[in-house]
Every structure is written in C-alpha cells, then in structure tokens.
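These are my notebook entries on a structure with its sequence. I set down what I looked up, entry by entry.

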Amino acid sequence: MKPKNSSSQLKALVVDDDRVTRMTHEALLKKVGVESLASVENGKKAVDLHCNGQSFDLILMDKDMPVMNGVEATKQLRSMGIRDMIVGVSSSRGAENVQQFMDAGLDHFYTKPLTVDMLKAIIDKI
Amino acid sequence: MDGLVQLQKQLVDYTASLFREGFLDDQFNQLQQLQDESNPEFVVEVVTLFFEDAERLLNELSKTLDSSFPNRGQASIDFKKLDAHVHQLKGSSSSIGAQRVHSVCISFRNSCEEQNVEGCLKNLQQVRHEYSLVKTKLETLFRMEKQILEAAG
C-alpha cells in the first residue's frame, strides 16, 4: 500500500540555467520516485508556468540565472500566493547570500551539488 | 573468463586512481548511483553534455580575454562577463564531480573579482589543462566500461 505522500504522486519543477544540473536534478528526482517532472532554464519561465495555472509540490530553484534569478522568481511566486515548497539550491555558501535567498520566501536551502540523501530529506518534508 | 576479470580489475583500479588523484570527487559516485535499467546511459550522457558546455564556455572565456588585445589593460576586459562564464563552468563541473576543474574555477572567480588580468590568464590556462586531463581520463573510463560490456557478451 502506498503511503499518502508517496513520492510518485508528487509533481516537481527544476529551475536552473545549467543543463548538466537540470539533467542531474531530474535524474535525482526520478531516483527518489518522483514521476511527474518539468524543468525550465530561468526564473521567468518558472513564474510563467504558474501564471498558466500549473502548480507543483516541489520547486528546486537555482539562485543565479539570467533573465530572472532565483531570488526574484521566489519573491514573485510568493507574491502570487503560490504555496509550492520552494527549495533554493545554490553553490553560493555566503551567509548573506543564503539569507537573502531565504528571505525571498524559500522553505529550505541546500548547497549544490544535491545528493540522493539530500533529496530524500527534502521529499520527507513535503 | 579470465580476460573479463582482468578488465574489471583494471577498471576498478583506474577509477580508484581518478578519485585518489583528485580528478573526481564523490559527486561522480552520486551520478553512478543515478544510472539504472531505466536510465542505463545516464553517466555517459550527462558527462557528454558537460564536455559540450565546458568547451563552449572555454571558447567564450578565451574570446572575452582575447578581446582585450592589444591593450590587455584592465579597462578593456569585461570581468562581469568573464565571471558569469566561470560561474557556469564551476557549477557544471561540480555537478559531475570534476573536482580539479571546479577548484581552478574557484581561483578564477577570485581573479575576476580582483580584476586581476594576469591571474585570469593564468587561471584560463589552468582550467583548460585540467579540463583536458579530466576529459581524457573520463573517455578512457568509458572506453574500458564498453570493453567490459563487449567482453561479457
């Protein structure tokens, strides 16, 4: 019997300008059982998806992206009333950078690169 | 059978040496964990993407630094653009566990921040060198894996 919050029922969105990272994050999500996936290369496309009525259980949001970065995208999504779990993922470790990102409305922040264990911990929190 | 066992041992030893010498870090292990029956070519595919992106970025870095000639003055180099490219290369190298490339990218970003032209030129040379080494090593690794699959029949 599948538990209520089975990962296969979750819908996830990967937002990152680097295609190697997008591919890796997608594979990580599939490995932990998430079957419904989308990925986009900047914050604006993530916002546009939501404007078109899509919603997700989990967003993995990169910080530094062209067009619209993760901080700005997170702020916009929250101001639109979007309640998806948004996990910031960035290689920037500086406390100021992390705080700025968290303040934009993240639920959690993880330093890149993500691992299977980190993702399992994230899924458990949904 | 002996031949296959020999090949397998060579692969294990070779892989171990890549970790020992710092070419690869644990993130590469993470990638291998993501490869399974539903995704049997994952590691080769993602590393191939990395090669393509890295080569594009290295070209962009060369162009950005070369555009300063013949002045080579600080004023003529777009350090912001340089940093953006290095940041991307740093991110993708970290995603596949290319540790030495990643480390040079960290120094490179510092040189960009300091607007240190000579530092940037040196870092570019270093990152090209490290990239070339890890590419050769990974291609060898994939070739050995292919030989094993072929020998196993």
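Entry 1. I began with the UniProt record, whose unreviewed entry lists H87(B) under "modified residue: Phosphohistidine". I note that UniProt positions are given in the numbering used here, that feature names are shortened, and that annotations may be inferred rather than shown by experiment. I work with a predicted model, in which local features need pLDDT of at least 70 and side-chain atom pairs count only at pLDDT 80 or more, while totals for chains, interfaces and linings use all residues. Residues are numbered from 1 along each chain as its sequence is written, chains are lettered from A and ligands numbered from 1 in the order in which they are written, and side-chain values use heavy atoms, with hydrogens and water left out.

I placed H87(B) in helix α4 of chain B; helices (H or I, at least four residues) and strands (E, at least two) are DSSP runs, numbered from the N terminus. Is H87(B) buried or exposed? Its relative accessibility is 15%, so H87(B) counts as buried. The classes are buried under 20% relative accessible area, exposed over 50%, and partly exposed in between (1.4 Å probe, protein chains only). Leaving out residues up to four places away in sequence, I found that H87(B) touches D64(A), S91(A) and R109(B), contact meaning heavy atoms within 4.5 Å.

**Entry 2. The annotated domain.** The UniProt annotation "domain: Response regulatory", from an unreviewed entry, covers residues 11-126 of chain A. I computed 44% helix and 22% strand for this span, and its end C-alpha atoms lie 11 Å apart.

**Entry 3. Salt bridges.** I counted a salt bridge where a side-chain nitrogen of Lys or Arg is within 4 Å of a carboxyl oxygen of Asp or Glu. Over all chains this rule gives 16 salt bridges. One of them pairs D53(B) with R19(A), with the closest N and O atoms 2.9 Å apart. This pair joins two chains, because D53(B) lies in helix α3 of chain B and R19(A) in helix α1 (residues 19-31) of chain A. D53(B) counts as buried at 6% relative accessibility, whereas R19(A), at 29%, counts as partly exposed.

Within chain A, D62(A) and K112(A) form a salt bridge of 3.2 Å, N to O. They are 50 residues apart, D62(A) in strand β3 (residues 58-62) and K112(A) in the loop between β5 (108-111) and α5 (116-125). Both D62(A) and K112(A) are buried. I also recorded K63(A) with D64(A), at 3.5 Å, N to O. Salt bridges that share partners join R19(A), E52(B), D53(B) and R56(B) into one network.

**Entry 4. Nonpolar cores.** For a core I took buried Ala, Val, Leu, Ile, Met, Phe, Trp, Tyr and Cys residues joined through side-chain atoms within 4.5 Å. Which residues have the most contacts inside the largest nonpolar core? They are F108(B) and L138(B), in a core of 65 residues. To this core α3(B) gives the most, with 12 residues. Apart from it lies another core, of 21 residues, including V47(A) and M61(A).

**Entry 5. Helix α5 of chain B.** The buried residues of α5(B) include V104(B), C105(B) and F108(B).
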